[in-house]
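Student: I have a structure open and would like to go through it. Could we begin with the whole chain and then turn to single residues?

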Amino acid sequence: GTVSVYDVVNVRVDREIQVGQNPTAVAANPVRNEVYVVNTGVLNGQGSVAVINAENNSVAGSIAVHKMPVAIALDPDGNTAYVVNSGSNTVSVLDLKAHREVAQIGVGEGPAAARVAPDGKTLVVANRGGNSVTIVDAGTQKVRAVFEGCPGATDIAILPDSSKAFAACGGGHQVMAMQL
């Protein structure tokens with residue numbers, strides 16, 4: 001339930017910050033001095049995202065999300081985060097300025113990871129349980145396409161020009177390539 005802050009100059013733990021139950025993922029805001037920690041919570045319970053003020057290493061707030069959040073992806077402008085809720089087959093859309101959930105997007109079964117394209121226009125979600133990949137239009141927050149045939153989809157990579165995404169299909173020992 002903690003995040004450790006390390007003093008890399010003196011090579012020691014500076015402090016422990018209480019963030020919530022079962023922290024599983026972390027992301028830094030590219031424009032604001034904030035860090036977001038995904039807390040999976042208790043089994044079959046609701047999760048949360050702790051907001052850490054990176055200037056003074058304190059918790060600035062908490063954002064409620066849905067069942068079993070496991071991953072987080074931020075858009076390039078640092079205004080929006082997408083939290084993958086594995087237990088509810090959804091992605092929570094967070095307004096990072098207001099520190100609140102503003103929408104929920106239904107994706108495939110057992111989502112495990114998400115990435116935002118560098119141009120900020122597309123969200124790609126790996127659905128481990130559904131053996132698929134969901135492509136979401138970030139502007140409208142609507143599902144644009146679902147690609148089946150990626151057994152055990154676990155991770156996503158997107159080219160710097162936002163033209164293609166690649167999904168690791170761990171259950172099929174393959175990689176799926178998709179035109180965005």
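**Surface, fold and selected residues**

Tutor: The protein chain exposes about 8500 Å², and carbon and sulfur atoms supply 50% of it. Accessible areas come from the Shrake-Rupley method with a 1.4 Å probe, and for residues only the protein chains shown count as cover. This is a predicted model: local features need pLDDT of at least 70, side-chain atom pairs count only at pLDDT 80 or more, and totals for chains, interfaces and linings use all residues. Residues are numbered from 1 along each chain as its sequence is written, and side-chain values use heavy atoms, with hydrogens and water left out.

Student: How many helices and strands does the secondary structure of the protein chain have?

Tutor: There are zero helices and 17 strands in the protein chain. Helices (H or I, at least four residues) and strands (E, at least two) are DSSP runs, numbered from the N terminus.

Student: What radius of gyration does the protein chain have?

Tutor: The protein chain has 16 Å, which agrees with the value near 16 Å for a compact globule with 180 residues. The radius is taken over C-alpha atoms, and the globule rule is 2.2 Å times the number of residues to the power 0.38. Along the principal axes, the C-alpha atoms fill a box of roughly 45 × 35 × 35 Å.

Student: What share of the residues counts as buried?

Tutor: Of the 180 residues, 43% count as buried. Buried means under 20% relative accessible area, exposed over 50%, and partly exposed in between (1.4 Å probe, protein chains only).

Student: Let us change topic. How many disulfides does a search of the whole structure find?

Tutor: The search finds one disulfide, formed by C150 and C169 with their sulfur atoms 1.9 Å apart. The criterion is a pair of cysteine sulfur atoms within 2.5 Å. C150 lies in the loop between β14 (142-148) and β15 (153-158) and C169 in strand β16 (residues 164-169), so the pair ties together parts that are 19 residues apart in sequence.

Student: Is the link left-handed or right-handed? And are the two cysteines buried or exposed?

Tutor: The link of C150 and C169 is left-handed, with -100° about the S-S bond. Both C150 and C169 are buried.

Student: Next, A126. Why does it count as buried?

Tutor: A126 counts as buried because its relative accessibility is 0%. A126 belongs to strand β12 (residues 122-127). Not counting residues up to four places away in sequence, A126 touches several residues, including G110, P111, A153 and I156. Contact means heavy atoms within 4.5 Å.

Student: And T122, which strand is it in?

Tutor: T122 also lies in strand β12. T122 is buried, with a relative accessible area of 6%. Beyond four places in sequence, the residues that T122 touches include R115, I135, R144 and L180.

Student: What about E148: buried or exposed?

Tutor: E148, in strand β14, counts as exposed because its relative accessibility is 56%. Leaving aside neighbours within four places in sequence, E148 is in contact with G130, N131, S132 and M176. From C-alpha to C-alpha, E148 and G1 are 36 Å apart in space, and they are 147 residues apart in sequence.

Student: Finally, where is Y6 found?

Tutor: Y6 is in strand β1 (residues 2-7). Y6 is exposed, at 55% relative accessible area.
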